[in-house]
Amino acid sequence: MLTMDILKDNAIAYKIVDERKNLKMIKIPDRVHICYMQEKGNQFQMDREIFEYLDANTIPYWLVLNDTIAKKHYLIVLKKENNWVKSCFIGCNKDKIFLGKQVLNCAVSNEELQKKMKSLAV
């Protein structure tokens with residue numbers, strides 16, 4: 001997984017706080033939560049439970065999404081206070097939402113992802 005490799009290679013301290021089949025929740029203490037999702041294709045879904053965990057914390061969060069078929073990464077940097085994921089969950093009672101077209105607008109190269117992740121080094 002590219003995300004974990006970048007963190008290790010740059011000696012960025014992290015903790016995995018949740019791990020599921022296609023998801024890892026990574027915490028960079030006092031900096032950011034990284035919600036890493038992997039799917040076959042670009043149809044990513046977020047569980048309400050994951051959103052509520054992220055929203056309840058004081059640090060901002062990033063969604064790092066990996067389309068294993070197209071071998072593409074997407075990076076969505078979300079502010080804590082107001083963001084479109086929060087608006088989606090507040091406006092419905094669904095347990096999951098599709099991240100939809102927002103994902104397609106956030107494609108990043110491996111180099112761009114590495115640069116952004118390196119910015120987390122203290």
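Reply: Gladly! Let's begin with pairing: two strands pair if DSSP finds at least two bridges between them. Please keep in mind that this is a predicted model. Strand β3 (residues 32-39) and β5 have 7 bridges and run in the parallel sense, so they count as paired under the rule of at least two bridges. Within this pair, I34 stands opposite W62 in β5.

Me: What makes β5 and β6 a pair, and in which sense do they run?

Reply: Strand β5 (residues 61-67) is joined to β6 by 7 bridges, and the two run antiparallel. Y61, for instance, has L78 of β6 opposite it. The hairpin of these strands leaves 4 residues between them, and K71 there takes a positive phi near 55 degrees.

Me: Which strands make up the open sheet, and in what order?

Reply: The sheet has 6 strands in the order β1-β2-β3-β5-β6-β8, with mixed pairing. β1 (15-20) and β8 are called edge strands because each pairs on one side only.

Me: Why is strand β6 described as largely enclosed?

Reply: A residue is called buried under 20% relative accessible area. In strand β6 (residues 72-78), 5 of the 7 residues are buried, so the rest of the structure largely encloses the strand. Over the whole chain, buried residues make up 40% of the 122 residues.

Me: How do you know that the chain agrees with a compact globule?

Reply: Set the two values side by side. With 122 residues, a compact globule would have a radius of gyration near 14 Å, and the chain has 14 Å, so they agree. Along the principal axes, the C-alpha atoms fill a box of roughly 40 × 35 × 25 Å.

Me: How many helices and strands are there, and what pattern do they follow?

Reply: The chain has 5 helices and 8 strands, and along the sequence they read α-β-β-β-β-α-β-β-α-β-α-β-α. As for contacts between residues at least 6 apart in sequence, 56% join residues at least 24 apart.

Notes. Residues are numbered from 1 along each chain as its sequence is written. This is a predicted model: local features need pLDDT of at least 70, side-chain atom pairs count only at pLDDT 80 or more; totals for chains, interfaces and linings use all residues. Side-chain values use heavy atoms; hydrogens and water are left out. The radius of gyration is taken over C-alpha atoms; the globule rule is 2.2 Å times the number of residues to the power 0.38. Buried means under 20% relative accessible area, exposed over 50%, partly exposed in between (1.4 Å probe, protein chains only). Contact means heavy atoms within 4.5 Å.
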